[in-house]
Protein chains: 2
Amino acid sequence: MTQENVKSRHHHGDLKPALIKAGIDLLEEGGIKALSLRKCAARAGVSHAAPAHHFDGLAGLKQAIAEEGFRLFSQYLKDACDSGHQDPRERLRSLCRGYLQFGLDHPGILAVIFGDQGLASLVQFGGKEKADAYLTLRDVAAPFVAPGQDRLVVETQIWSLIHGFTLLYLAGEFGSPPPPIDEGPLMQVIALLERLDPPSCS
Amino acid sequence: MTQENVKSRHHHGDLKPALIKAGIDLLEEGGIKALSLRKCAARAGVSHAAPAHHFDGLAGLKQAIAEEGFRLFSQYLKDACDSGHQDPRERLRSLCRGYLQFGLDHPGILAVIFGDQGLASLVQFGGKEKADAYLTLRDVAAPFVAPGQDRLVVETQIWSLIHGFTLLYLAGEFGSPPPPIDEGPLMQVIALLERLDPPSCS
DNA sequence: CATGAAACTTGACGGCGTCAAGTTTTGATG
DNA sequence: CATCAAAACTTGACGCCGTCAAGTTTCATG
């Protein structure tokens, strides 16, 4: 018996990822209010002060979780707009469906990603992963940018609309529990985006 | 000397509104994280457990603050879209300006109004006051509802867009500190709404 | 004036984030 | 292999938090 499962008294071995995993589990089970450093530590089988050696306080843990969360978020967006037709309008619809679906499936992670303070974390955290999600949006938005128009404007229009709508949806403004996406008002609302300049034929 | 300033040992007299006021002050000074029952009690010059007799815990206090906050929010919207031209498009622009301005002026109150969980409180809380704000939106949106179209769709399109944009703006996505509203990208982004059906001439 | 309800206080509990100090383990250096 | 400094983790404490239980004061009603 060598040291297969390294679990000595004072060395967990893989504590940092274990804490992140525990935090995500807590989020999925009980939402943003259920996330605490001490509970993560307990789940990882470690003392309450151990996380301090790996994260800069609770904010640091959230930041680490946000990075992981952005990965999942990006995957949702990519999967959504890769599936189905390649028509620009259809891709845009799919992107929005993916955005909303992520919010429905992982409201706790959404809350961490987009921070206690609105979308602040989008700016502060999530370097590569945020960029990844944004690049997907940019890619989908590109055909709707008219010549000479600032693409940032179009991207912001899309982002603002689907983000605001997702929050409304999660809040139960369209019924609790929320209706299935395809029966819901999503398609009607994002139809507004189809009044963007017609997709350039590329 | 009758009992002019009623401040006996065990009867504050006007504790409930005093606590709400203290809570709002805390929000304005330090944002949502600065709000606590104990600090409100201290500011009102009362023991830490006193608020329990007037609110159902912290959630109850937030609910009461949200009602007050909705009043202010409604006022922002009304003032914004009453000032200036009466052209439907101009009124819509003004409404959005007012929405964003409220977020910039009172981010803490916005956080309470729209809850820890997205816009949940919009549904749960804020009876009359919420309705009031929504009716302003409805009024502004009305000219853009095409015959036979569901007005809820148009209202949701407007609401989603401006709400999502406000959160982006507050997050500093357009620079920190945020640029003045009129120089900023607000007008460009909500130009999307001008592609709604042309205002009906009434 | 008596009495019961309402308003408020005091004290305690457990959970939280965080800090300081101590113990164990690791891994590099000689 | 021995040494030793740094890294990993523990224990204990502090203050703040929301909440509950029990006691005291004030008010209003009869």
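## Basis of the model

This is a predicted model, in which local features need pLDDT of at least 70 and side-chain atom pairs count only at pLDDT 80 or more, while totals for chains, interfaces and linings use all residues. Residues are numbered from 1 along each chain as its sequence is written, chains are lettered from A and ligands numbered from 1 in the order in which they are written, and side-chain values use heavy atoms, with hydrogens and water left out.

## Fold of chain A

Chain A has 9 helices and 0 strands, giving the pattern α-α-α-α-α-α-α-α-α along the sequence. Helices (H or I, at least four residues) and strands (E, at least two) are DSSP runs, numbered from the N terminus.

Of the 202 residues of chain A, 48% count as buried. Buried stands for under 20% relative accessible area, exposed for over 50%, and partly exposed for values in between (1.4 Å probe, protein chains only). Among contacts in chain A between residues at least 6 apart in sequence, 65% join residues at least 24 apart; a contact requires heavy atoms within 4.5 Å.

## Aromatic pairs

Over all chains, a search of the whole structure finds 16 aromatic pairs. Rings of Phe, Tyr and Trp (its six-membered ring) pair if their centres lie within 6.5 Å; planes under 30 degrees apart count as stacked, over 60 as edge-to-face and the rest as tilted. A:Tyr99 and A:Phe114 are stacked, with 6.4 Å centre to centre and 15 degrees between the planes. This pair links distant parts of the chain, 15 residues apart: A:Tyr99 lies in helix H4 (residues 88–105) of chain A, and A:Phe114 in the loop between helix H5 (107–113) and helix H6 (120–124). Both A:Tyr99 and A:Phe114 are buried.

A:Tyr134 and A:Trp159 form an edge-to-face pair, 5.5 Å centre to centre with 65 degrees between the planes. Here helix H7 (residues 128–141) of chain A supplies A:Tyr134 and helix H8 (residues 151–170) supplies A:Trp159, 25 residues apart. Both of these residues, A:Tyr134 and A:Trp159, are buried. One aromatic cluster is formed by A:Phe70, A:Phe73, A:Tyr76, A:Tyr99, A:Phe102 and A:Phe114.

## Surroundings of B:His106

B:His106 is found in the loop between helix H4 (88–105) and helix H5 (107–113) of chain B. B:His106 is buried, with a relative accessible area of 13%. Leaving aside residues up to four places away in sequence, B:His106 touches B:Glu28, B:Leu72 and B:Tyr76. Its C-alpha atom is separated by 9.3 Å from that of B:Phe73, 33 residues apart along the chain.

The contact takes 29 residues from chain A and 29 residues from chain B. Together the chains bury about 2900 Å², 66% of it on carbon and sulfur atoms; buried area is the accessible area (1.4 Å probe) that two parts lose on being put together, summed over both. In chain A, the residues losing the most area to chain B are A:Leu168, A:Leu192 and A:Arg195, together 21% of what that side buries. The rule finds 2 salt bridges across the interface of chain A and chain B, each defined by a side-chain nitrogen of Lys or Arg within 4 Å of a carboxyl oxygen of Asp or Glu. A:Asp197 forms a salt bridge with B:Arg195, the closest N and O atoms being 3.6 Å apart.
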